[in-house]
Amino acid sequence: MEKRFYQKEFETMELDKMRALQSERLVRQVKHVWDNVPYYRGLMEEKGLTPDDIKGIDDLHKLPFLSKADLRDQYPYGLLATDLKNCVRIHSTSGTTGRRVVAFYTQGDVDLWEECCARAIVAAGGTEDDVCQVSYGYGLFTGGAGLHGGAHKLGAMTLPMSSGNTERQLQFMNDLQATILCCTPSYAAYLGESLKERGMDGDKNTLKAGIFGAEPWTEEMRRDIEKSLGIKAYDIYGLTELSGPGVSFECEEQAGMHINEDHFIAEIIDPETGEVLPEGEVGELVFTSLTKEAFPLLRYRTRDLTCLTREKCACGRTLIRMRKPMGRSDDMLIIRGVNVFPSQIETVLLNEGYSPNYRIEVDRENNTDTLDVYVEMNPDQFSDVVKDINMDAADLAAAIKNMLGIRPKVHLVAPKSITRSEGKAVRVIDRRKLHD
């Protein structure tokens with residue numbers, strides 16, 4: 001099969017040329033931020049730096065970090081690097097904790113972002129002949145706008161469905177013969193479940209690919225979605241702070257996400273010390289925006305834990321790849337002294353044949369952490385007698401203990417009793433924070 005690229009010049013660029021391009025853009029970006037963002041200029045001055053100290057990407061490590069706390073403290077305009085009249089749009093994070101983060105976009109920023117998303121759609125097999133159903137949320141959330149714009153750049157027919165209204169989603173998917181689905185993985189799983197209920201298994205729809213992101217998902221969940229929808233499921237990664245989805249994306253090899261490194265420099269650091277780690281080591285992912293005009297972030301700490309590799313990819317792209325994030329350094333749960341990532345529990349559930357619909361509740365009783373895992377049964381399991389269900393719960397608790405080293409209390413609940421998410425799935429409720 002002929003390999004297709006959206007912007008082959010950049011996607012297959014030789015490493016020395018990419019480094020030269022990154023260095024040129026970094027020097028220009030540092031000067032732009034120094035001249036236009038007093039807050040970041042102050043951080044540089046605290047380290048005794050001026051733009052003259054940054055001569056290329058080998059000097060990147062000298063620059064100070066930015067964190068989400070900085071973005072919240074400077075809300076709304078403190079990190080804006082251009083006149084407001086040059087901005088055409090904002091997007092914002094969900095704001096579940098503290099102040100929202102608001103990101104600004106010039107028209108140039110929007111164009112480059114949409115090109116990054118178009119690269120992702122092409123990498124998933126998309127062409128101008130496809131029908132792209134965008135079921136991410138629209139509005140302040142970046143998911144809908146990003147993939148919508150990417151599909152337009154490519155010239156594909158675009159269905160701007162937004163999230164929710166599952167009956168309408170399925171009707172349009174069927175009537176307009178959608179071939180590429182873009183949404184969160186949890187909503188993709190729900191759509192697959194809904195299709196099955198209507199006797200429309202994976203081989204009875206026109207979908208060929210899905211581009212899923214905005215929340216963590218495991219390889220086991222990927223296989224379940226691929227089976228239920230009859231597609232190949234591709235991961236996409238992004239942050240509102242950097243632009244949105246399209247910072248990195250999977251190709252047909254599904255062996256990590258290619259980072260659009262002509263626009264973003266990725267580093268991996270030790271989350272405790274800030275030291276830059278070598279290729280292949282797991283640490284916190286840090287990004288520097290090279291081409292953003294309105295809201296350029298230098299050395300932004302994502303809190304996502306992953307690793308990078310430059311091993312050759314069979315797809316022909318030379319862009320560095322990042323592994324699917326394995327958790328976050330800031331919402332990792334510490335339960336009875338043990339580090340716990342929700343993705344570990346999800347892996348066990350899917351390996352044991354359970355639904356990807358679950359909820360983790362952590363609390364503290366008598367100064368001891370408690371861990372409760374609520375898991376939906378499938379209809380066959382739900383028909384079992386209570387004694388069998390209790391045995392299944394005990395077996396599942398044992399399997400989770402083998403993974404984590406601590407034993408949870410498992411609650412097997414009725415099918416569809418856990419609320420479905422149309423945006424980012426809420427998997428964890430940690431009530432300890434309310435007590436502390």
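A cavity is taken here as a set of points, on a 1 Å grid over the protein atoms alone, where a 1.4 Å probe fits but cannot get out, and lining residues are those with an atom within 4 Å of a point. Grid points are joined across faces, edges and corners, and a volume is the space filled by probe spheres set on the points. The structure is a predicted model, in which local features need pLDDT of at least 70 and side-chain atom pairs count only at pLDDT 80 or more, whereas totals for chains, interfaces and linings use all residues. Residues are numbered from 1 along each chain as its sequence is written, and side-chain values use heavy atoms, with hydrogens and water left out.

Two cavities of 30 Å³ or more are present in the structure. The largest cavity holds about 80 Å³ of space, and its lining is made up of Asp109, Leu112, Trp113, Cys116, Ser243, His263, Phe264, Thr291 and Lys292. Helix α5 (residues 107–123) supplies the largest share of this lining, four residues; helices (H or I, at least four residues) and strands (E, at least two) are DSSP runs, numbered from the N terminus. By class, the lining of the largest cavity has four nonpolar, three polar and two charged residues, where Ala, Val, Leu, Ile, Met, Phe, Trp, Tyr, Cys and Pro count as nonpolar, Asp, Glu, Lys and Arg as charged, and the others, Gly among them, as polar. The second largest cavity holds about 40 Å³ and is lined by Leu71, Gln74, Tyr75, Pro76, Leu79, Val101, Val102 and Phe295, a set that divides into seven nonpolar, one polar and no charged residues.

A pocket, by contrast with a cavity, is an open set of points with protein on both sides within 12 Å along at least five of seven lines. The second largest pocket contains about 790 Å³ of space, and of the 24 residues that line this pocket, Glu193, Lys196, Ser228, Pro356 and Asn378 are the closest to its centre. The elements giving two or more residues to its lining are α8 (185–197) and α9 (219–229), with the largest share, five residues, coming from α8. The residues of this lining comprise eight nonpolar, seven polar and nine charged.

Six bridges join β10 to the antiparallel strand β11 (residues 283–289), and Ile268 has Leu285 as its bridge partner in β11.

Helix α6 (residues 142–154) has 13 residues and reaches 18 Å from its first C-alpha to its last, close to the 18 Å expected at 1.5 Å a residue, the expected span being 1.5 Å times one less than the number of residues. Ten of the 13 residues of α6 are buried (under 20% relative accessible area, with a 1.4 Å probe and protein chains only), so this helix is largely enclosed by the rest of the structure. After α6 comes Gly155, whose phi is positive, near 95 degrees.

Val428, in strand β21 (residues 428–430), is partly exposed (between the 20% limit for buried and the 50% above which a residue is exposed), with a relative accessible area of 26%. Leaving aside neighbours within four places in sequence, Val428 is in contact (heavy atoms within 4.5 Å) with Leu333, Pro342 and Ile360.

Methods: Pairing = 2+ DSSP bridges.
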